[in-house]
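Please look through the sequence and the model shown here, and then follow the explanation below with both of them at hand.

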Amino acid sequence: MPRILAIDLGTKRTGLAVTDPLKMLANPLETVETSTVLDYLKSYCEKEEVDTLVLGYPTRLNGQDNEMTPKVITMKDRLSKAFPDKKIELVDERFTSKMAMQSMISMGSKKKDRKEKAGNLDKVSAAIILQSYLERQ
């Protein structure tokens, strides 16, 4: 069964998360350099069946675009061209980084580990974006 893959685009790193084959659970997948994310996705989609790409859509608290919003729109266009057979969805990502940090704290991650493993925060944020998408379906 095809999976859904979520993308939490960052300026330097991008967090990725994927569903289980039944599309019930969101799992952190990987954190990759943003400059290589498209190549990573192409490689991943050759190995795993993915039918939907969910892209975190950043806005300010008032709903207005922020500095990352144009970059996400550009990435959405690039994804549409690279994966014309896949559905591309935008999902509000406000508060996901804070939620990811709280999740890591509640799981017992020490402050030192959270600082050293910033990439974990990115992929946990992607998992939160994906879980939010799944809950709305």
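**A walk through the chain**

A127 lies in helix 5, which covers residues 118-136, and the model in which we meet this residue is a predicted one. With a relative accessibility of 10%, A127 counts as buried, because buried means under 20%. If we leave aside the neighbours within four places in sequence, A127 is in contact with A17, A26, N27 and P28.

Of the 137 residues of the chain, 42% count as buried. When we consider the contacts in the chain with a separation of 6 or more, 63% of them are accounted for by residues 24 or more positions apart.

L25 still has partners, for it touches V18, T19, D20, Q131 and L134 when residues up to four places away in sequence are not counted. The C-alpha atoms of L25 and I4, which are 21 residues apart along the chain, are separated by 10.0 Å.

We now turn to helix 2, which runs over residues 69-82. The 14 residues of helix 2, taken at 1.5 Å a residue, should span 20 Å, and this agrees with its end C-alpha atoms, which are 20 Å apart. Which residues of helix 2 are buried? They are T69, V72, M75 and L79. Seen down the axis of helix 2, these buried residues fall within an arc of 115 degrees, so they line one face of the helix. The elements against which the buried residues of helix 2 pack are strand 1 (3-8), helix 1, strand 4 (50-57) and strand 5 (87-92).

T69 lets us look at one of these buried residues by itself. T69 lies in helix 2, and because its relative accessibility is 1%, T69 counts as buried. Not counting residues up to four places away in sequence, T69 touches Y57 and P58.

Rolling a probe the size of a water molecule over the atoms shows where empty space is left. In the second largest pocket, about 160 Å³ of space is found, and this pocket is lined by 13 residues, of which L9, T34, V37, M75 and R78 lie nearest its centre. Two or more residues of the lining are given by helix 1 (37-47) and by helix 2 (69-82). Helix 2 gives the most to the lining of this pocket, with four residues. By kind, the residues of the lining divide into five nonpolar, five polar and three charged.

How values were computed. Residues numbered from 1 in each chain as written. Predicted model: local features only at pLDDT ≥ 70, side-chain atom pairs only at ≥ 80, totals over all residues. Heavy atoms only, no water. 1 Å grid on protein atoms, 1.4 Å probe; cavity = no way out; pocket = protein on both sides within 12 Å on 5 of 7 lines; lining within 4 Å. Points joined across faces, edges and corners; volume = space filled by probe spheres on them. Nonpolar A, V, L, I, M, F, W, Y, C, P; charged D, E, K, R; others polar. Expected span 1.5 Å × (residues − 1). Buried < 20%, exposed > 50% of the residue type's maximum accessible area, 1.4 Å probe, protein only. Arc of directions from axis to C-beta. Contact = heavy atoms within 4.5 Å.
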